[in-house]
Amino acid sequence: MNGFGLMFLVAIYFTANRTGFVRACEQRGEIRVKPGKMGGEMLKRLSLQNVAIVDAVDVALDAGLTVITGETGAGKSLLISAIALVFGKKVSPADVLRYGEKRGRIELTFDFSVSRPAIQQFLQEEASLELPAEDTELLISREFTPSSSRARINGIPVTLDVLSQLRSMVVDLHGQHELTSLFDDETHGRILDSLGDADFNALQQTVASAYERWFKLKKELEAKQAKIQDMANQRDYLEFQLRELDEAHLVDPQEDKTCQAELKRLGQGESLKKQTGKAYQTLWGNDRQGVGDLLEKVQKMLASLFGVDPMLDELAQRLDTQREELRALASDLKNYHDKVSFSSRQIDELVERLDQLEKLKRKHGPSLVEVLATQEEIRQTLQADEQAEKDLRLLEAALEAAKGDLEQVTGQLTLERERLASQFTEQLTTELRGLELPRVRFQVAFNPRSGFSPLGAESIAFLFSANPGEPPRPLVKSASGGELSRILLAIKVVTAEKSGVQTLVFDEIDAGISGPTAKAVSQRLYAMARHLQVIAITHQPILAAYGEHHLHVEKSAKVVDSIEKNEMVVQISELSHHQEQRMRVLSRLVSGMELDQFSDTGTARQVEQFVQQLLDQPKAG
C-alpha cells in the first residue's frame, strides 16, 4: 500500500471515531456540547486597511469553529496581530502602516449582547463612556499615522489602557508567545487563581490589603528605627550643645547689643564722671557762680518789681518754673555723676560675656535670635527622641498584629488554592488524556515565597510528565513543543467557562503535533466551538477539515488595470461554500500540491478521496 492509501485509511479512522469522541466527552462531563450554534456574543468582523502588507481586507466571522489556512508568510498571523493591536498592544505607528501610506486602520466588530452589563459598567467606570441602549455591537477601532495612533469604541475616543483591560472581557488571544509564557511560574499562578469564584477574588483582595498595611507599617518602623539610630549617634553631641546653651543663660536676644553699648560707656567712664561733675558745678555749684545762683539773682530783681506790671509778674513766674526745672536737671546730673563706675573688673566681665555671645553666634546663627531658636530646637529634638522610643514600641506592636492578620488570611488563601489546584489537576489531567497523553501526570506545586507577598505565601508551578516512570518536573524541563500546545489547549478548555470570554483565537495551537494527536486537538477545538466562538490558524489538514468556516489567506502581486505592479497584497477567501476551492487548499495541506498538479491520476484520485473523506466526516451536535 502506498502512502496515499495509508492516508485514506487514516481518514476513515478519523471519521469513525470523531462522533464517538465528542459523545464520550459529553458523557464524562468533560465538555458541554450545545445543540445548534452559539448565540449572542462573538467577533463578527475584522477589517484592515493599509496595515503591514494589507491594503484592504474585510473578513466576516461567524459562530462555531473558524479555521484559517495559508502558506507560510501569506499573512495569517497578521490577523492575530491586528486583534492584539486593536486592544492596545504598544508598537511604533510607523511600523504598522503599509509602505508608502499615511493612514491605516484596524477595526473589530463584536456582538456583545451577552456581556453588555459587565462591559457597560467597565466602560462607565474606566472611561466615563456610556453606550446608547440601542447599540448591540461593540465597534473597536485603532487608526495609525506615521507618528501616532488613536483608539475608539463606537466612535468615542478611549485610551489604550482601557482597550488593554477590555480585551480580557471579550477575546482570549493565543499567540506564539503564550507557549513560552507557560514557563513562567507567575503565569501558572494567574491561571490557577482565574478559576476562583467571587469569594476567592475577595480573599485575594483581603490578602493584598493586609500585605499593603503590613508593608506600610514595616517601612514606617524601619524609618523610625533609622531616625532613632541617627538620633542616638547625635544625642551626646546635642546634649553637649544644649548644656553649653543653657549654661550661657541667654534670655534677651538683644543682649549682645546691650553689652556692646555698656562696654562703650565704661570705656568713657573717666570722661563721663569728670564732665558730668563739671556740668553739675556749672549749673548748681557751691561757689555761688553757677547758673542757678545767677537765676536766683535775676529772680530777686524781678520780685522787687512785683505788682508794677502784670507782664513782669508773668515773666517772674516763668523764671521761677525754669529755675525749678534747672534744679531737677542738676540733681539728675549729680546722681549720674555719683553712679558712674569704670572699674577694670566690670570691663573684663563685659568683654568676657561678649566673647561668649560671639562664639554662640558663630556656631548657631548670625544673631542671638537664631541662637535661641537653635537652643529650643535641640531641646525639642531631645524630647522628641524620648517620644520616638515610645512610638517605636507602638509601631512594633502594630506591625506584629498586622503580621498576624496577614499570616491568617494568607493561610486561608493557600487552603483555597489547594482546593482549586486539586480540581484543576483532575480536570486538566482528563483533558490531556483526551489529547493523546494517556499516561500524563500533572501536578500543581506550591513553592514557598521568601517573605510576604501581596500574591500570597507561595508561587505556583505546573509540573508535568508524559512518560511512565518519570516524576513530574517543571514544564520548561519536561514538555516538548507539541506537548506544550496540548497543555495550553487543555488549560483554555478548563478556564474558558470561568473567564466568561466568548471568543477564543488560536495561532497554530496544533504546531508540533501530527497523527492521532492532531485528531484529538481538532476534536477538542470542535467540541469547544459548540458553546464558544473558536478561531484557529492551522497547517493541519485534519483541523482545517473540522472547520465549519474556512478562511484561506493568499499573498499575490497587486494588479491595477490589468497591469501587475511590483507590490504584494493579501487576499482572504471564504471557502466554506466553495467545495472545489476548499478541496484544492486541503490537497495542498495534505500533499503540498493541488489535485490538478499530480502527474499520476491514481495518486491524485487517492488524495481527492482522502480530502473528501475529511470533509464528509459527520459533525457532532
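**Close-up views of a predicted model**

View 1. By the rule used here, the count comes to one cavity of 30 Å³ or more. The model is predicted. The largest cavity holds about 70 Å³ of space. Its lining consists of Leu43, Leu46, Val59, Leu61, Ile68, Leu79, Ile80, Ile83, Val505, Ile535 and Leu551. Two elements, β1 (42-51) and α2 (76-86), each give two or more residues to this lining. The most comes from α2, with three residues. By class, the cavity lining has 11 nonpolar residues, no polar ones and no charged ones.

**View 2. The largest pocket.** About 1000 Å³ of space lies in the largest pocket. It is lined by 30 residues, and the closest to its centre are Ser168, Asp172, Arg190, Ser194 and Ser499. Several elements give two or more residues to the pocket lining: α5 (160-170), β8 (171-174), α6 (177-181), α7 (185-193), α8 (198-247) and α16 (481-499). Which element gives the largest share of the lining? It is α16, with seven residues. By class, the pocket lining has 11 nonpolar, 12 polar and seven charged residues.

**View 3. An open sheet of six strands.** Follow the strands in the order β2-β1-β4-β5-β6-β7. The pairing is antiparallel, and the sheet is open. At the edges stand β2 (54-60) and β7 (156-158). Each edge strand has a single partner, so one of its sides is left without a neighbour in the sheet. Neighbouring strands here are turned by 20° against each other on average, direction ignored. What holds paired strands together? In general, strands of a sheet pair through backbone hydrogen bonds, either parallel or antiparallel.

**View 4. Strands β1 and β4, with helix α2.** Seven bridges join β1 and β4 in the antiparallel sense. Look for serine 47, which stands opposite glutamate 107 in β4. Now find helix α2. It lies across β1, β2, β4 and β5 (137-144). Relative to β1, α2 runs at about 95°.

**View 5. Threonine 109 in its strand.** Threonine 109 sits in strand β4 (residues 104-111). Is this residue buried or exposed? Threonine 109 is buried, because its relative accessible area is 9%, and buried means under 20%. Its neighbours within four places in sequence are left aside in the next list. Beyond them, threonine 109 is in contact with Met42, Leu43, Lys44, Arg45, Glu137, Leu138 and Leu139.

**View 6. Strand β8, covered on both faces.** Val171 and Leu173 lie on one side of β8. Asp172 and His174 lie on the other. All four are buried, so both faces of β8 are covered. The partner shown here is strand β12 (residues 503-507), which pairs with β8 in the parallel sense over four bridges. Leucine 173 stands opposite valine 505 in β12.

**View 7. Serine 480 in a loop.** Serine 480 belongs to the loop between α15 (475-478) and α16. Its relative accessibility is 36%, so serine 480 counts as partly exposed. Compare its position with that of alanine 466. In sequence, serine 480 and alanine 466 are 14 residues apart. In space, they are 9.7 Å apart, C-alpha to C-alpha.

Technical notes:
Residues are numbered from 1 along each chain as its sequence is written. This is a predicted model: local features need pLDDT of at least 70, side-chain atom pairs count only at pLDDT 80 or more; totals for chains, interfaces and linings use all residues. Side-chain values use heavy atoms; hydrogens and water are left out. On a 1 Å grid over the protein atoms alone, a cavity is a set of points where a 1.4 Å probe fits but cannot get out, and a pocket is an open set with protein on both sides within 12 Å along at least five of seven lines; lining residues have an atom within 4 Å of a point. Grid points are joined across faces, edges and corners, and a volume is the space filled by probe spheres set on the points. Ala, Val, Leu, Ile, Met, Phe, Trp, Tyr, Cys and Pro count as nonpolar, Asp, Glu, Lys and Arg as charged, and the others, Gly among them, as polar. Buried means under 20% relative accessible area, exposed over 50%, partly exposed in between (1.4 Å probe, protein chains only). Contact means heavy atoms within 4.5 Å. Two strands pair if DSSP finds at least two bridges between them. Axes are lines fitted to C-alpha atoms, for helices over the stretch in contact, and angles run from 0 to 180 degrees between N-to-C directions.
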